[in-house]
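Dear colleague,

I am writing to hand over the structure shown below. My notes on what was found in it follow directly after.

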Amino acid sequence: MAASSHTRPAREAPPPQEILAEGASGASIDPADVARFSAQAAEWWDAKGPFAPLHKFNPARLAFVRDQAAARFGRDVLARKPFHGLSLLDVGCGGGLIAEPMSRLGFSVTAIDASAENIGTARAHAEPQGLPITYRAATVEQLEAAGAGPFDVVLTMEVIEHVRDPEAFIRTCSRLVAPGGLMIVATLNRTLKSLALGKVAAEYVLRWVPAGTHDWRQFLKPDEIRLMLSHEAVAVEGPFGIAYDPLSDQWSQGVDADVNYMMVATRD
């Protein structure tokens, strides 16, 4: 993923997609999962609430996104707004835990979620800070049908394991990537280790997330994601593991992809 072959001058990001009506619909929606997250929408920004593990997890995945984008577009991460002029789509944005830092890094951010309650929380948190994020209660199917994008970066972080049709979902996400752009998929592996740690321990022992948050049968192996994207015009790399160290109480990137991992898809 050499920066030199993909470096290009900043271009004007596409305007907000005003053609999208408010209200999510589409085959990817799992109503039970949307209802579960909607019920917790007001607590997204409570670092000690039900999303506390995500707050601890966030720095590692933000660093991964930043570094992948910097390498792809030849940007200096030490610059004040290193990704100015580039557009980013955050799919399944929740309360905006990724959308907000991406906006501060200079991306023109569009963030969507199937839950109108999540979008309301995200907007309420971003507006007082003057962050120009375009939030919509919408699905990727709606974006594609409306002709939205394409986007330089598409993020789908811990979302694919919650949708009804993972292949249709991830293929649609990939088609929203602009030429020269990239997509990052973060999810959980379907292994015995992830059943023990990502499901049983996280939900019933450590109580990191509410019981029933995940269905282990919906976890995806990296090769399954690779196969799903094999008919799209993208090149897929990964998995890139991300693991928790109980001694330091931190998450970091590493070789262990047995539980949490990321995949990177690039379009030439």
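Strand 6 (residues 235-245) and strand 7 (residues 250-254) form a hairpin with four residues between them. In the turn, D249 has a positive phi of about 60 degrees. Helices (H or I, at least four residues) and strands (E, at least two) are DSSP runs, numbered from the N terminus. Please note that this is a predicted model, in which local features need pLDDT of at least 70 and side-chain atom pairs count only at pLDDT 80 or more, while totals for chains, interfaces and linings use all residues. Residues are numbered from 1 along each chain as its sequence is written, and side-chain values use heavy atoms, with hydrogens and water left out.

Leaving aside neighbours within four places in sequence, F240 is in contact (heavy atoms within 4.5 Å) with F64, Q68, Q253, G254, N260, Y261, M262 and V264. The C-alpha atoms of F240 and P222 are 9.6 Å apart, and the two residues are 18 apart in sequence.

A pair of aromatic rings is described by the distance of the centres and the angle of the planes. Rings of Phe, Tyr and Trp (its six-membered ring) pair if their centres lie within 6.5 Å; planes under 30 degrees apart count as stacked, over 60 as edge-to-face and the rest as tilted. The count by this rule is four aromatic pairs. The rings of F64 and F240 are a tilted pair, because their centres are 5.3 Å apart and their planes are at 55 degrees. Since F64 lies in helix 2 and F240 in strand 6, this pair ties together parts that are 176 residues apart in sequence. Both residues are buried, where buried means under 20% relative accessible area, exposed over 50% and partly exposed in between (1.4 Å probe, protein chains only).

The pair formed by Y244 and W251 is tilted as well, with ring centres 5.4 Å apart and planes at 45 degrees. Y244 counts as partly exposed at 27% relative accessibility, whereas W251 counts as buried at 17%. Together with F57, these two residues form one aromatic cluster.

Helix 2 (residues 52-73) has 22 residues and should span 32 Å, which agrees with the 32 Å between its end C-alpha atoms; the expected span is 1.5 Å times one less than the number of residues. A kink of about 40 degrees lies at N58, shortly before P59; the bend is the angle between axes fitted to the seven residues ending at a residue and the seven starting there. Just after the helix, G74 takes a positive phi of about 65 degrees.

Finally, I turn to the nonpolar cores, that is, sets of buried Ala, Val, Leu, Ile, Met, Phe, Trp, Tyr and Cys residues joined through side-chain atoms within 4.5 Å. The largest has 40 residues, of which M102, F107, Y135, L155 and I184 touch the most other members. Helix 2 supplies the largest share of this core, nine residues. Apart from it lies another core, of 29 residues, including F151 and C173.

Yours sincerely

How values were computed. Pairing = 2+ DSSP bridges.
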